[in-house]
Amino acid sequence: TGVQTCALPIFIDSVSTLMNPTIYLSNGSGYQGDGKSGIYIWGAQLEAGNFPTSYIPSTQTFTSRNSTGTFVNSSGLIQTAAANTARYTYNPTNLSIAPKLLLEQTSTNQINYSENISTYGNGGSRGIITLNATTAPDGSSNGSSLVANIAGGTYVYTSYNFTANQIYTISSFVKANTTDAVTLRDFTDSGSATFRLYTGTNTGVSGNCISQFIQQYPNGWWKISASFQVVNSGSHNISPFGINDSANTNIGIYCWGAQMELANSATSYIPTYGSPVTRAADLYTSATTTRTTETA
């Protein structure tokens, strides 16, 4: 099955007071990732002893969150949970999998209008925008249409001030209409990530883009994201929606739910309606679990 159990005995000297067990990907030379390769992890365990024993499951219990937060319901739709309400979210790609408790750190969507792309700039290639053109991933009717009006790529963009060396992540929900070639871009640092929606594949990154990710949602929607490491401080033009089909005009995609976060990867959707919105961190308790010694 390809499943392996890994264990690492660690001797702690008498002066050590804090240890942070970590699982990470590395090739020994500063691995940055490619947005596609990886491993699956399950059943982490830390115990006192000279060797690993059989798996002891532990649980996390949600306690509070000082804001609303979104999650995926059993129908694959993005829904909003009230403040201080636990979010049990489904895997949108496979709704038959049991939901999991969603616990996230605080994050801010810096894009002022996450669903109204008519407020975005054009950079000379804005295209034709139609609001309320299709059913959105939350079940509403406010999915927008973006159609190319020039050859060579069509984008809408918004601006934000960045600080050099920080990593930020752009994400959005897109659906193929008459083309499936889409792009997320940082125009200022010449970074981009491209995707093909018919096949659900990443097709490459460039510039300061360090990773990309795509996930399938119901009804033809995909959540795409890309992380960018800032090179130049100052105002950046970023595009959460772009048509990357250079040979044609009058082709389009559907758009919804733009998000930009100062984070290494995309978190759950944070809707905005005119100004940035912050989702508070999910607070929880996680108690250790002890297995009783077995006797004959």
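Tutor: Let us begin with strands: helices (H or I, at least four residues) and strands (E, at least two) are DSSP runs, numbered from the N terminus. By that count N109 has its place in strand 6, which covers residues 107-109. Please keep in mind that this is a predicted model, in which local features need pLDDT of at least 70 and side-chain atom pairs count only at pLDDT 80 or more, while totals for chains, interfaces and linings use all residues. Residues are numbered from 1 along each chain as its sequence is written, and side-chain values use heavy atoms, with hydrogens and water left out.

Student: Why is N109 called buried?

Tutor: Buried means under 20% relative accessible area, exposed means over 50%, and partly exposed lies in between, computed with a 1.4 Å probe on protein chains only. N109 has a relative accessible area of 0%, so it counts as buried.

Student: What does the side chain of N109 reach?

Tutor: The side chain of N109 reaches the backbone oxygen of A258 at 3.1 Å, and it also reaches the backbone nitrogen of M260 at 3.1 Å. A polar contact is a pair of N or O atoms within 3.5 Å, where within protein one must be able to donate a hydrogen and the other to accept it, and residues adjacent in sequence count only if both atoms are side-chain atoms.

Student: What makes G121 partly exposed?

Tutor: G121 lies in the loop between strand 6 and strand 7, and its relative accessibility is 23%, so it is classed as partly exposed. The C-alpha atom of G121 is separated by 6.0 Å from that of T158, although the two residues are 37 residues apart along the chain.

Student: Which label does T289 receive, and at what relative accessibility?

Tutor: T289, in the segment after strand 19 (283-286), has 40% relative accessibility and therefore counts as partly exposed. Between the C-alpha atoms of T289 and P57, which are 232 residues apart along the chain, the separation is 7.3 Å.

Student: In which order do the 6 strands of the open sheet stand?

Tutor: The order is 7-8-17-10-15-14, with antiparallel pairing. Strand 7 (128-134) and strand 14 (209-216) each have a single partner strand, so they stand at the edges and one side of each is left without a neighbour in the sheet. Two strands pair if DSSP finds at least two bridges between them, and strand 7 is joined to strand 8 (residues 143-147) over 4 bridges in the antiparallel sense. Within this pair, I128 stands opposite V147 in strand 8.

Student: Why is N132 called exposed?

Tutor: N132, which has its place in strand 7, has a relative accessible area of 54% and is therefore exposed. Its phi is near 50°, a positive value in a residue other than glycine.

Student: And what makes N219 exposed?

Tutor: N219 has a relative accessible area of 57%, so the label exposed applies. N219 is found in the loop between strand 14 and strand 15 (221-229), and its phi, near 60°, is likewise a positive value in a residue other than glycine.
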